[in-house]
Amino acid sequence: MTSPLDSTGTGLDAPAPVEIPVEPTRHERRSMERLRAALEVFLCSGIPTQLFVSGLLLAVHVPSLKDGQLDATWVSLVTLGDTLLVIGLAVLLIRSHGESPRELFFDSRPASIEAVYGLLLVLPLLMGVGLVVLWLRLSLPALHNITENPFSAMLHSRLETAAFAMVALVGGALREEVQRAFLLTRFERHLGGPKVGLVVTSAAFGAGHWVQGWDASIAIGLLGAVWGFIYLRRRSVVAPMVSHAGFNSVEIIQFLIGGGV
């Protein structure tokens, strides 16, 4: 009995064709890198992390309001939780790219020199922000839409203010500068370059302070641009972090001296 011939006439089964994987084109790789970078920017933007922490606090019945105002304890817990999540996410994402968090955040510059540089920036930045706010209030008074410090109604004692100030320093100086450095590197490598990143992150930084008034938001946005520029030039978060902490500390002291509580 003869076996049926295959299509080649050899009488043997033809081997199954081997599928050769198609390598993505350069354009496709770039598109995937941009998409991943955009997702990482969103994850570390503070929006999803703050929503997550807020939802978690609500789930365990931590009150967000006190006497009709945001509760200082609530704000402190959200700030601390957001800080931990943003920094943790940034480190995980950096490592997922095979990069070193230490190199991205600190490069090889001596931390002591960077800290001194940051301290020297505090006074010029305070003066600069003051002049910008003064100019805006004189030339565009409509932007001065908040006349009372929004934290006055939330803080009821000096002890509460001191505790909140410590949280603000951690959430501001630490989280915001680590966050800024991470976001700037994503823009620099995949999303239009460092200039685009500096504009976007500074605008978002200023908009995030809208509760202090639009004039303050503009000044703070410019302040964020200065800190971002310093990071891009020096590749270390130490100087912006120390400068940010010093700036916030002076603002808190002024608030206390001015009778905020």
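Student: Among contacts in the protein chain between residues at least 6 apart in sequence, what percentage join residues at least 24 apart?

Tutor: Happy to start there! This is a predicted model, where local features need pLDDT of at least 70 and side-chain atom pairs count only at pLDDT 80 or more, while totals for chains, interfaces and linings use all residues. Residues are numbered from 1 along each chain as its sequence is written, and side-chain values use heavy atoms, with hydrogens and water left out. With contact taken as heavy atoms within 4.5 Å, and counting pairs at least 6 apart in sequence, the share joining residues at least 24 apart is 75%.

Student: How many helices and strands does the protein chain have?

Tutor: Helices (H or I, at least four residues) and strands (E, at least two) are DSSP runs, numbered from the N terminus. Read from that end, the elements go α-α-β-β-α-α-α-α-α-α-α. The totals are 9 helices and 2 strands.

Student: Is Val 53 buried or exposed?

Tutor: Val 53 sits in helix α2 (residues 47-59). Leaving aside neighbours within four places in sequence, Val 53 is in contact with Leu 77, Val 78, Gly 81, Asp 82 and Leu 85. Buried means under 20% relative accessible area, exposed over 50%, and partly exposed in between (1.4 Å probe, protein chains only). Because its relative accessible area is 9%, Val 53 is buried.

Student: Which residue does the side chain of Asp 82 meet in a salt bridge?

Tutor: A salt bridge is a side-chain nitrogen of Lys or Arg within 4 Å of a carboxyl oxygen of Asp or Glu. Asp 82 counts as buried, at 1% relative accessibility. The N to O distance is 3.2 Å, and the partner of Asp 82 is Arg 175.

Student: Where in the chain are Asp 82 and Arg 175?

Tutor: Their salt bridge links distant parts of the chain, 93 residues apart. Arg 175 counts as buried because its relative accessibility is 11%. Asp 82 is in helix α3, and Arg 175 is in helix α6.

Student: How far apart are the end C-alpha atoms of helix α8?

Tutor: Helix α8 has 21 residues (214-234). The expected span of a helix is 1.5 Å times one less than its number of residues. That calculation gives 30 Å for α8, and its end C-alpha atoms agree, at 30 Å.

Student: Which residues join Arg 36 in one salt-bridge network?

Tutor: One link is the salt bridge between the side chains of Glu 40 and Arg 186, at 3.6 Å, N to O. That pair connects helix α1 to helix α6 across 146 residues, and both Glu 40 and Arg 186 are buried. Through salt bridges that share partners, Arg 36 is joined into one network with Glu 40, Glu 99, Arg 186 and Arg 189.
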